[in-house]
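Here is a friendly briefing to read alongside the model. Keep the viewer open and follow the topics in turn.

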Amino acid sequence: MSYELTIEPIGEVIEVEEGQTILDACLRAGIYIPYQCNHGLCSTCKVDVVEGDVDIGDASPFALMDFERDDGKVLACVCTLESDVVIEADIEEDDDAEYLPICDYTGTVSEITDLTSDVKKIIISLDEEIEFQAGQYIQLNIPGVDGPRAFSIANSPDKADHVELHVRLVPEGKGTSYLHGKLAEGDALSFSAPYGHFFVRKSQNKPMIFIAGGTGLSSPKAMIDELLADGYGQKLTLFHGVRSKADLYYQDYFTALAEKHDSFAYIPALSDKKDGDDWDGETGFVHEAAERFFDGSFAGHQAYLCGPPPMIEASIRALMKGRLFENDIYCEKFLSKADGTGDKRSPLFKRI
Amino acid sequence: MAEKRKKKLGIKQRYSMLTRGLGWDTTYQPMDKVFPYDNYEGIIIHDWEGWEDPFRLTMDAYWKFQSEKEKKLYAVIDSFAQNNGHLGITDARYVNAIKLFLTGVSPLEYQAARGFTHVGRQFRGVGPRVACQMQAIDELRHVQTQVHSMSHYNKYFDGLHSAPHMHDRVWYLSVPKSFFDDARTAGPFEFLTSISFAFEYVLTNLLFVPFMSGAAFNGDMATVTFGFSAQSDEARHMTLGLEVIKFMLEQDERNIPIVQRWMDKWFWRGTRMLTLVAMMMDYMLPKRVMSWREAWDIYFTEAGGALFADLARYGIKPPKYADIATKEAEHLSHQAWHIFYNYTHAAAFHTWIPEKEELDWLSEKYPNTFDKYYRPRLEYLDKEEKAGRRFYNDTLPMLCQVCQIPMGFTDMDDPTTISFEVSEYKDDKYHTCSLGCKDIFDYEPEKYVQAWLPVHQIYQGNCGGAEVPDVLKWYNFNLGADNMEYKGSPDQKLWDEWQAHRKKA
């Protein structure tokens, strides 16, 4: 049994399991509600219940006052749902979020292409058009695999009749093994979308830096395609880090894009250049390439990071060393199903 | 498709609409003269608007919340008193933890109120100023409610009658007092780093929480309720600690080394002060919560580790000497209890040799050190006491110039050698207990040569007289009741009578 929780003012709707706390459900869905003690004592995670029935749980009488209980306030860290519920929380509204509803889609695989030895491009042509923000992802149902798998959409939202996915083969990964080994053109697939808060904050009108690792290129590609098509007036710089020349894809595409648009720069970097690689570009880790390009100073930019957790962490450190902080850093960590929930973190940072 | 919703202001926007425009730039006098302290520490702030209000509470709402908290707390305190709650505690020895808290910690709440009142005037940014002013009121509430919660014990037990007076004079209470004096006499940013960050955020789980869970484990419901009431304020205080650190680190990179030095300093001063808590947890609670070693592992090594891993993104390193502090967690409580066992004739609480099963618990919790170094010593002292030769140390100890703890701690790699360091300043020698304290002294010697060291002051004749009883009278001690061994104390006698009555009934 699960309930629907609507979170105002952002209007996001998430599923909450029976017995699961509001805070837990929100954090797992990527929605940050300020919190501290996580067991009903400190009142940092206080939210308003606007509609629906809840069990306020074991909230301390000193953290949740009687008059607040009467006013429908609860502590998200101990409150569970007894019906579909609408809450209002201390979440900053994002001017660039479109809050698109999540829908189920069906479609047919119209193209499977090898981008590298272990990355395939898969295009799903849709039965009906999709609405999403560049950078968001889908939850793909894979035949014979328990639970959906997340993949970022690599095409711009104005191409609404299909989604393009970049799928790296995860060794012994059930989902990606199927997509690489068994999926064929003409197969039917279904997914739900759009998910995530990884989209461009155009309204702030700042120059943007994109740092992508491996197939983390997909979201930045969608973002850059859309920004250039819209004539965004600020500089865009894309760094794409891969191991060797053989792992690099879409090089021609972005090189051509950079020739066409003065406002766009493209810097691929090889971290593990092979002896035979024909390469005179950047080598080393992708965040190091970014540091060299910007001479270690990132202030005044916005950064979008997409890729495996170590790349994200190294990039965050490089950016912060270059005086760019949490308010201007957005990231999408690529976790495979085996990665779990990650390390223990302090409450110092909210999103990064 | 979802229908178009009417846009509502978020809580942050509502708060800023409600509070904006409360500050202004002065024109009769230059801002630098009106706020002379917020830049002399070297902290560079480019944009005070970059301060994010760590909590969004209007004064109006604040009073409403705090008054309900008070109502609830005082209802519990009243019922504790009416139901003779003191009879429900595990053992009268527990009250000694309360004595230590009331004389050592509660006055710090008052010191914090003074400190936040001061810095609440000194920041030119409105955000931090308001945050500090609210915290100042919280702290005043805390000291008041603590005194009220614990005053019930003063009707029956000794040593609880003169907490503020003792805090200003008694030798071991100069350890927490000098910590706060040091913080309050620093600049406003260092004050927030020391109190809001190091004390309220990094170390609070090792100070406040052990006392409160100790109270819960030992049947002291009044103190537990006070703890809950305060914890709902502490969340705001901790958030302030994190915000001030982020604010300084993000405003200018030249702030980073200054913040690092303050973190090193206040981490070390904090761990030194926590010695009192370590001893309380391992020795003074009849029913134990966890060992100091376990608390250190959970709250510093794990939780602090996660924090410093995040701070590393700013280029901040874990506090200097954190490795030594972690080694000390195996030894600190035992060495501190030994010091107090030596000097309990000059302390406002009792000490004792733990019962056999308590010694066994310590052996189990400290397999690397307790049986090897500390148990034999306690068993020897026990034998001496039973033979009528309870040991009291009649000489006065030398104190560390910085943390003011008697210099009885050992080298952590060689627990039979006393550790000390020497600095020279203007042809005088100054002694510190550790490299951590020596670094602090050497960076600001002019500040620490002024330290009011209780033992020096006694020898200089500034503490009531030349003999120990003169000094203790000057401390306001009731001799023979407040001090000395627990066994045979009036506290124990009264408790035993109550237990005998209960058996009869």
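**Domains and overall form**

In chain A, the centres of domain 1 and domain 3 lie 37 Å apart, taken over C-alpha atoms. Domain bounds here come from an automatic or database domain assignment. Please bear in mind that this is a predicted model, in which local features need pLDDT of at least 70, side-chain atom pairs count only at pLDDT 80 or more, and totals for chains, interfaces and linings use all residues. Residues are numbered from 1 along each chain as its sequence is written, while chains are lettered from A and ligands numbered from 1 in the order in which they are written.

- Chain A is divided into domain 1 (2–88), domain 2 (103–195) and domain 3 (202–339).
- Chain A holds seven helices and 19 strands, where helices (H or I, at least four residues) and strands (E, at least two) are DSSP runs numbered from the N terminus.
- With a radius of gyration of 22 Å, close to the 20 Å that the globule rule gives for 352 residues, chain A is as compact as a globular protein of that length. The radius is taken over C-alpha atoms, and the rule is 2.2 Å times the number of residues to the power 0.38.
- Along the principal axes, the C-alpha atoms of chain A fill a box of roughly 70 × 50 × 40 Å.
- Of the 352 residues of chain A, 41% count as buried. A residue is buried if 20 or more other C-beta atoms lie within 10 Å of its own, exposed if 12 or fewer, and partly exposed in between, with C-beta atoms placed from the backbone.

**Where the chains meet**

- Chain A brings 33 residues to the contact and chain B brings 28 residues; two residues are in contact if their C-beta atoms, placed from the backbone, lie within 7 Å.
- On the side of chain A that touches chain B, α2 (66–70) and α7 (309–321) of chain A each supply at least two residues.
- The largest share of that side, four residues, comes from α7(A).

**Nonpolar cores**

- A nonpolar core is a set of buried Ala, Val, Leu, Ile, Met, Phe, Trp, Tyr and Cys residues joined through C-beta atoms within 7 Å.
- The largest core has 223 residues, of which I22(A), L75(A), A76(A) and F210(A) touch the most other members.
- Helix α4 (residues 95–122) of chain B gives the most to this core, with 13 residues.
- Apart from it lies another core, of seven residues, including I353(B) and Y366(B).

**Two helices of chain A**

- In helix α3 (residues 174–181) of chain A, the buried residues are G175(A), T176(A) and L179(A). Seen down the axis of α3(A), they fall within an arc of 85°, so they line one face of the helix; the arc is that of the directions from the helix axis to the C-beta atoms.
- The cover over the buried residues of α3(A) includes β9 (119–126), β11 (149–152) and β12 (162–168) of chain A.
- Helix α6 (residues 286–293) of chain A has V286(A), H287(A), A289(A) and A290(A) buried. They cover an arc of only 155° around the axis, which puts them on the same side of α6(A).
- Just after α6(A), D295(A) takes a positive phi of about 55°.

**A look at F191(A)**

- F191(A) sits in strand β13 (residues 188–195) of chain A.
- F191(A) is buried, with 25 other C-beta atoms within 10 Å.
- Leaving aside neighbours within four places in sequence, F191(A) is in contact with Y105(A), I138(A), Q139(A), L140(A), N141(A) and P148(A).
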